[in-house]
Amino acid sequence: LDMVPYEKALKSSWVWQELHEVRNVRPMAHATPFGMYGMFAYTGTLQYLLKGKEPFTLSHGKSDHERLQPAAEAMPIEYPKPDHKVSFDLLSSVALTGTNHEHDQPSHLTLKSDDMPVERNLALFDGPEQRFCPAGVYEYIEDEATKKPKLQINAQNCIHCKTCDIKCPSQNIDWVVPEGGGGPAYSGM
């Protein structure tokens with residue numbers, strides 16, 4: 001598959017122009033000690049004046065998984081209960097994606113180390129897998145034999161967003177394309 005014509009077409013399109021204009025907006029939140037307020041000031045002034053023509057491109061500095069704070073340094077977030085008008089419960093939201101997995105297909109989500117989730121992710125970050133996954137694929141349960149926590153992967157709920165592959169602080173989750181290449185099939189869009 002030759003991707004050169006695609007890359008040339010993309011770079012000569014309006015999409016590339018718009019993406020190039022806003023390339024520094026999100027990295028600016030990391031580049032200034034003022035965080036989001038610095039980003040808003042940057043966007044409101046330089047973006048308005050220069051329209052992305054600044055002679056530099058900022059970097060995010062480090063990967064997303066490296067930015068996760070240990071649980072001891074973070075404030076707990078209390079999310080409101082679903083109101084079923086604007087926000088919905090997890091199972092309803094997963095069902096709306098129309099993602100389907102065959103019952104006998106091998107799991108497309110594996111762990112590089114079975115011990116890492118409990119030893120590092122649960123101990124240091126309070127098991128972020130169970131919060132960053134929008135489909136509730138990951139949950140910590142008590143092992144019946146050892147009575148200790150273990151990470152359970154409910155791969156059938158996966159909506160193929162790849163958040164786990166990007167956000168896991170130990171980079172322990174291996175996400176591969178599922179058998180059949182299926183994915184979300186939102187209807188009515």
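This is a predicted model: local features need pLDDT of at least 70, side-chain atom pairs count only at pLDDT 80 or more; totals for chains, interfaces and linings use all residues.
Figure 1. You will find His 160 in the loop between β3 and α8 (163–167). Its phi is near 65°, a positive value in a residue other than glycine. As background, most residues other than glycine have a negative phi.

**Figure 2. Lys 147, an exposed loop residue with a positive phi.** Here the view moves to the loop between β2 and β3 (149–153), where Lys 147 sits. Phi of Lys 147 is near 60°, again a positive value in a residue that is not glycine. Lys 147 is exposed, with a relative accessible area of 55%.

Figure 3. In soluble globular proteins, nonpolar side chains tend to be buried together.

**Figure 4. The surroundings of Tyr 138.** Which residues does Tyr 138 contact, once its neighbours within four places in sequence are left aside? They are Leu 109, Glu 129, Gln 130, Cys 133, Leu 151, Gln 152, Ile 153, Cys 164 and Ile 173.

**Figure 5. A nonpolar patch on the surface.** Leu 46, Tyr 48, Leu 49, Leu 50 and Phe 56 make up this patch, and together they have about 500 Å² of accessible area. Leu 49 belongs to helix α4 (residues 35–50). With a relative accessible area of 63%, Leu 49 is exposed.

Figure 6. Lys 167 pairs with Asp 64 in a salt bridge, with their closest N and O atoms 3.2 Å apart. The two partners are 103 residues apart: Lys 167 is in helix α8, while Asp 64 is in the loop between α4 and α5 (90–97). Lys 167 is buried, at 18% relative accessible area, whereas Asp 64 is partly exposed, at 39%.

Figure 7. Lys 11 and Glu 7 meet through their side chains in a salt bridge (3.2 Å, N to O). They are 4 residues apart in helix α1 (residues 4–11), so about one helical turn separates them. Lys 11 is partly exposed at 45% relative accessibility, and Glu 7 is partly exposed at 43%. The side chains of Arg 131 and Asp 126 also form a salt bridge (3.9 Å, N to O). Arg 131 is partly exposed at 48% relative accessibility, as is Asp 126 at 42%. The count for the model comes to 4 salt bridges.

**Figure 8. The whole chain, for orientation.** The protein chain has 8 helices and 4 strands, running α-α-α-α-α-β-α-α-β-β-α-β from the N terminus. Its radius of gyration is 21 Å, well over the 16 Å that the globule rule gives for 189 residues, so the chain is more spread out than a compact globule. The C-alpha trace spans about 65 × 45 × 40 Å along its principal axes. Of the 189 residues, 28% count as buried.

Terms used:
Residues are numbered from 1 along each chain as its sequence is written. Side-chain values use heavy atoms; hydrogens and water are left out. Contact means heavy atoms within 4.5 Å. Patches are made of residues with over 30% relative accessible area and no salt bridge: like charges are joined within 9 Å, nonpolar side chains (Val, Leu, Ile, Met, Phe, Trp, Tyr) within 5 Å. Accessible areas come from the Shrake-Rupley method with a 1.4 Å probe; for residues, only the protein chains shown count as cover. Helices (H or I, at least four residues) and strands (E, at least two) are DSSP runs, numbered from the N terminus. Buried means under 20% relative accessible area, exposed over 50%, partly exposed in between (1.4 Å probe, protein chains only). The radius of gyration is taken over C-alpha atoms; the globule rule is 2.2 Å times the number of residues to the power 0.38.
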